[in-house]
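Thanks for letting me look at this one.

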Amino acid sequence: MKPISRRKLITGGIAATAGVAGVTAAARLTRKYGLIPPDHAGCYGPGETLTYAAQRVLTAHSRAREFPPSLISKNPFANPTAPLGDVFAQHQATGFANWRLSIGGLVDRPTLFSLTDLKKFPSRSEITEIACEEGWSYIAEWTGTPLVDVLHAIGVKPEARYVVYYAIEPSWWESIDMADALHPQTLLSYRMNGADMPVPFGGPLRLRVPRQLGYKSVKYITHMTVTDTLKNIGKGLGSASPEAGYSWYAGI
C-alpha cells in the first residue's frame with residue numbers, strides 16, 4: 001500500500017466533510033419540504049430519499065416521452081400474473097359489466113365507478129413505453145381517463161398526499177404521491193392499441209403511470225384510497241414493492 005501524503009489526507013478530509021455536510025443539508029431540505037419517501041429507513045434510505053427529492057424538485061412537471069404510432073411494439077410482452085380466481089372469471093364471463101372502481105378516503109364524495117362511468121369522462125390516448133425493472137420493455141398506445149379528472153370530480157381534500165390503489169387481488173397494491181396522481185399522463189386505462197384492454201395486460205382496468213417503472217402500473221384495479229399518510233398501511237413502506245425489496249419511488 002502506498003503511503004498517503006499529508007496533502008492528500010487533508011484534501012480527502014475536506015472533501016469528505018463537504019460530502020457529509022452536503023448530505024446533511026440535503027436531508028434538512030427534504031424534511032422541510034416533505035420530500036421523504038415512505039421507505040426512507042434502512043441502509044438504502046438516504047439514497048432513496050435523495051433520488052425521490054431530486055426528481056421531484058427537478059422534474060416535477062416533466063412528461064414521459066411519447067412516441068409516434070410507427071414505434072408501437074409489434075409483439076408486446078404481457079408479464080404473467082398469478083391466477084386471478086373465480087370472482088375475476090365471473091367478471092370476465094359477463095364482459096366486466098359489473099366491474100367497479102371505488103375511490104374513498106380524503107375526498108368530499110366517495111364514489112363507486114363502473115367502466116361506463118369512467119368512459120363518460122374525457123379520454124386521453126398516449127403512446128408511451130412501459131419499462132420493467134427486470135429488463136424488458138415495450139411501447140403501446142394507452143387510452144383512458146386521466147386520474148386527475150376523476151379526483152377533481154370527487155373533490156380531493158387539501159391535506160391529501162398519496163393515492164393508494166389495489167388490484168382485485170388485495171396483496172397487489174401500490175401508491176403514488178399527488179404529483180403523479182394529478183399528472184395529466186397518469187391514466188385509468190381501459191384500452192390498449194385501439195382495443196379494450198386485454199386481460200393479460202391488465203384488462204379491464206389498470207392504472208398507467210408512465211413516469212415510473214412498470215410495477216407502479218398495477219393491473220385489475222378495483223379500489224383507491226386518498227390519504228395523508230402511508231404509515232398505517234401494510235408495513236408502512238408505501239406499497240407492496242418495498243415490502244418485496246424494490247423501491248417505493250420508481251421514477252424513470
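1. Confidence first. This is a predicted model, and the protein chain averages a pLDDT of 87, with 85% of the residues scoring at least 70. The stretch to treat separately is residues 1-26, where pLDDT stays under 50 and the model has 2 contacts beyond four places in sequence.

2. Overall make-up. The protein chain has 7 helices and 10 strands. Of its 252 residues, 42% are buried. Taking contacts between residues at least 6 apart in sequence, 67% join residues at least 24 apart.

3. Two or more lining residues come from each of β3 (124-131), β6 and α7 (240-243). By class, the lining of this pocket has 16 nonpolar, 6 polar and 5 charged residues.

4. The cavity. The count comes to 1 cavity of 30 Å³ or more, and the volume of the largest cavity is about 30 Å³. Its lining consists of Tyr52, Arg56, Ser175, Ile176, Asp177, Gln212, Lys216, Trp248 and Tyr249. Both α2 (45-58) and β6 (173-177) supply at least two of the lining residues, and β6 gives the largest share, 3 residues. The classes here are 4 nonpolar, 2 polar and 3 charged residues. Strand β6 therefore deserves a look in both places, given that β6 is also among the elements lining the largest pocket.

5. Aromatic pairs. There are 15 aromatic pairs in the count. In one of them, tyrosine 166 and tryptophan 173 are stacked, at 5.9 Å centre to centre with 20° between the planes. Both tyrosine 166 and tryptophan 173 are buried. Another pair, tryptophan 172 with tyrosine 220, is tilted, at 6.4 Å centre to centre and 40° between the planes. That pair links distant parts of the chain, 48 residues apart: tryptophan 172 is in the loop between β5 (162-167) and β6, and tyrosine 220 is in the loop between β9 (206-208) and β10 (221-227).

6. How exposed is tryptophan 172? Its relative accessible area is 25%, so tryptophan 172 counts as partly exposed. Tyrosine 220 has 1% relative accessibility and therefore counts as buried. The cut-off for buried is under 20%.

7. An aromatic cluster. Phe77, Trp136, Tyr138, Trp142 and Phe201 form one aromatic cluster.

8. Backbone points to check. Most residues other than glycine have a negative phi, and most peptide bonds are trans. Where does this chain depart from that? The peptide bond from glycine 203 to proline 204 is cis, with omega near 15°, and proline 204 sits in the loop between β8 (195-196) and β9. Phenylalanine 96 has a positive phi, near 65°; this residue is in the loop between α3 (85-93) and β1 (100-105). With a relative accessible area of 13%, phenylalanine 96 is buried. Tyrosine 220 also has a positive phi, near 55°, and lies in the loop between β9 and β10.

Technical notes: Residues are numbered from 1 along each chain as its sequence is written. This is a predicted model: local features need pLDDT of at least 70, side-chain atom pairs count only at pLDDT 80 or more; totals for chains, interfaces and linings use all residues. Side-chain values use heavy atoms; hydrogens and water are left out. pLDDT is the predictor's confidence in each residue, from 0 to 100. Contact means heavy atoms within 4.5 Å. On a 1 Å grid over the protein atoms alone, a cavity is a set of points where a 1.4 Å probe fits but cannot get out, and a pocket is an open set with protein on both sides within 12 Å along at least five of seven lines; lining residues have an atom within 4 Å of a point. Grid points are joined across faces, edges and corners, and a volume is the space filled by probe spheres set on the points. Helices (H or I, at least four residues) and strands (E, at least two) are DSSP runs, numbered from the N terminus. Ala, Val, Leu, Ile, Met, Phe, Trp, Tyr, Cys and Pro count as nonpolar, Asp, Glu, Lys and Arg as charged, and the others, Gly among them, as polar. Rings of Phe, Tyr and Trp (its six-membered ring) pair if their centres lie within 6.5 Å; planes under 30 degrees apart count as stacked, over 60 as edge-to-face and the rest as tilted. Buried means under 20% relative accessible area, exposed over 50%, partly exposed in between (1.4 Å probe, protein chains only).
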